[in-house]
Amino acid sequence: MSEAFVRATALASALGPDLDTAVERLSGAPLAPARNTEAGGAWPYFSIPVAGDDWMKRAEAIARAVAESLRREAALAPGEWAALPCIIGSSSHSVGAWDKGGWAALVPPLEFSRMLAQSFGARGPAMLVNTACTSGLSAFDIAVSLVASGRFREVLVLGVELSNRLTVAGFAGMELLSATAARPCDRARDGLVLGEAFAAVIVSAAPGPWRIAALASGLDATSLTGPAPSGEVIAGTMRVALASAKWTGAAVDLIKLQAGGGRLGDLAEARAIRELFAPPPQTVSLKGALGHTLGASGPAELALTLASLAHGRVPATWGFATPDDELGLKPAGGDGKGVSRVLFNLSGFGGNVMSLALEKSR
Amino acid sequence: MYLLAPTVLRIAPEALPAQVRARFGSELRRSGAFAQLCMLGAQACLDAAGEDGPLAVLWSSRLGALHASRAALDESLQRGEPAMPFTFIGMQPHLAGVLLAQRAHPVTRSAHLHLADEDWPLLLSMAQGWLAECERVLVGRVEESDSGGVAHRSDWCLLRKKPLAGAIRLEPAPQQDASLAATAEDWIARVAAWAIDSKAPLLLRGGDQAWRFTPKK
């Protein structure tokens, strides 16, 4: 089996249309999200600052801009780029097209994935995976398996979550949304804040800036809405990631937290971290800056984490002010120059739990 | 890698609820027709394989739970009623992984993919990659019927890293004239039919990839 690397990343998010803008924005004052009035609320909502009345045309415009950024960074030969297979992670695919376009505007997920691949000029097989909040990292996992098996040398992974009424109405109906703000790990956190993101990653067999040292996965069947409060499956998944990467806990420089904003989910992750690490290494959450971008959150948070580290920074965790003693986590920004090993956690609805170990290439 | 228990289910839509109750003793909580269909096929395959232990689950479809998604839009946004939990984030296909795990099959990895007909060999490449991390991968293709008179389809097989008595050897093969074009819809059914009385290897292709199935010894 071959090794796999992260070759290039790109991102459009509430922080801006590209990663450089996002990293710069993240070093300033926190962004105030817009408000979404679906389901009778005024929910904070992180939108990509790209206007457009036609949902599908807006999606294509965002896709083309992200593709252009990625193409520059990846520096693949035109033939290699054109041959890229495209694996898309999304929980809502193109359901937002229904909001204004009605039934006629709805397209099956497979057609939507082909349309996005086409926007990137990627002519290899296109497919879409939905494992709820871990969709994008599941797509990444599949890409790694295709590279490791030798089937492809490079694979394009997209994490796509764009505005739609159904997702907001669904989360509002389950009373999971915060009416105030995203506050990862903060004592006053009161739910999740949704956001849009369109992220792209190229997984490659050719050495790149970050080596994928391990990607562990688990399924916590305790509840359909999230991990068991004990954090047992999260701890087990991180343990497998560390073992596969041949790292000790002390070797980890930074943990990118899931920190979705729910009290039980956050507690489960914190318990798992405290079980494995004594004391926990530096931690960061990006949901105060991007919102919870659901199926896009894996590639989106990965792109932003690696871009920040490339600029020598661990970004501040926006929304975190007062530690919660029950969690015992204090995400903090700072100098990122010494960070060479990152553990990247993600979990979500349906019980999927993932832990990605990334090592800076020498 | 090795393939066990190619299993083909065709279920008339009106018979699905009764079959679910008969196999699982009750309705599967919170699951729609697509997840129920996945469960029936996956469980039938595991029963036929006759072994237990941790597994990964990888299954595909062309449309997924499109009917459930349409119903959620109709209920939630047109009529203002709460949508069936989890349907609002297109999670009905993914539920099958959790439901399997809740029935004492430790699931370490699971993903449902919307995959084109000709790309079915990619599932085998993905499973091959996953087998580096686990011993068994359950692979399926599920399609919910969208018209009366057409049966639901739920086809599954179990892939293993190590050989086992009765297992079919499975390996990538160079594209050859001798290979037969197969689709995501029919490749498991063709393997199942061939496996009944297999003497010579079976070569199936999809897109630019072919796989060789060598008879069990």
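This is a predicted model: local features need pLDDT of at least 70, side-chain atom pairs count only at pLDDT 80 or more; totals for chains, interfaces and linings use all residues.

Analyst: Residues are numbered from 1 along each chain as its sequence is written, and chains are lettered from A and ligands numbered from 1 in the order in which they are written.

User: How many residues of chain A are in contact with chain B?

Analyst: In chain A, 40 residues are in contact with 44 residues of chain B; two residues are in contact if their C-beta atoms, placed from the backbone, lie within 7 Å. On the side of chain A that touches chain B, α7(A) gives the most, with six residues. The residues of that side divide into 22 nonpolar, 16 polar and two charged. Here Ala, Val, Leu, Ile, Met, Phe, Trp, Tyr, Cys and Pro count as nonpolar, Asp, Glu, Lys and Arg as charged, and the others, Gly among them, as polar.

User: Why is A:A14 called buried?

Analyst: A residue is buried if 20 or more other C-beta atoms lie within 10 Å of its own, exposed if 12 or fewer, and partly exposed in between, with C-beta atoms placed from the backbone. A:A14 has 21 other C-beta atoms within 10 Å, and is therefore buried. A:A14 is found in the loop between β1 (5-13) and α1 (19-26) of chain A. Beyond its neighbours within four places in sequence, its contacts include A:L31, A:F46 and A:L290.

User: Is A:K246 buried or exposed, and how do you know?

Analyst: A:K246 has 10 other C-beta atoms within 10 Å, so A:K246 is exposed. A:K246 lies in the loop between α8 (232-245) and β10 (254-256) of chain A. Its phi is near 60 degrees, a positive value in a residue other than glycine. Most residues other than glycine have a negative phi. A:H93 also has a positive phi, of about 30 degrees, but A:H93 counts as buried, with 31 C-beta neighbours inside 10 Å.

User: Why are α1(A) and α11(A) called roughly perpendicular?

Analyst: Their axes come within 10 Å and cross at roughly 70 degrees. Axes are lines fitted to C-alpha atoms, for helices over the stretch in contact, and angles run from 0 to 180 degrees between N-to-C directions. Angles under 35 degrees count as roughly parallel, over 145 as roughly antiparallel, 65 to 115 as roughly perpendicular and the rest as oblique. The two helices are therefore roughly perpendicular to each other.

User: What makes chain A as compact as a globular protein of its length?

Analyst: Chain A has 11 helices and 15 strands. Its radius of gyration is 19 Å, close to the 21 Å that the globule rule gives for 362 residues, so chain A is as compact as a globular protein of that length. The radius of gyration is taken over C-alpha atoms, and the globule rule is 2.2 Å times the number of residues to the power 0.38. Buried residues make up 62% of the 362 residues in chain A.

Technical notes. Helices (H or I, at least four residues) and strands (E, at least two) are DSSP runs, numbered from the N terminus.
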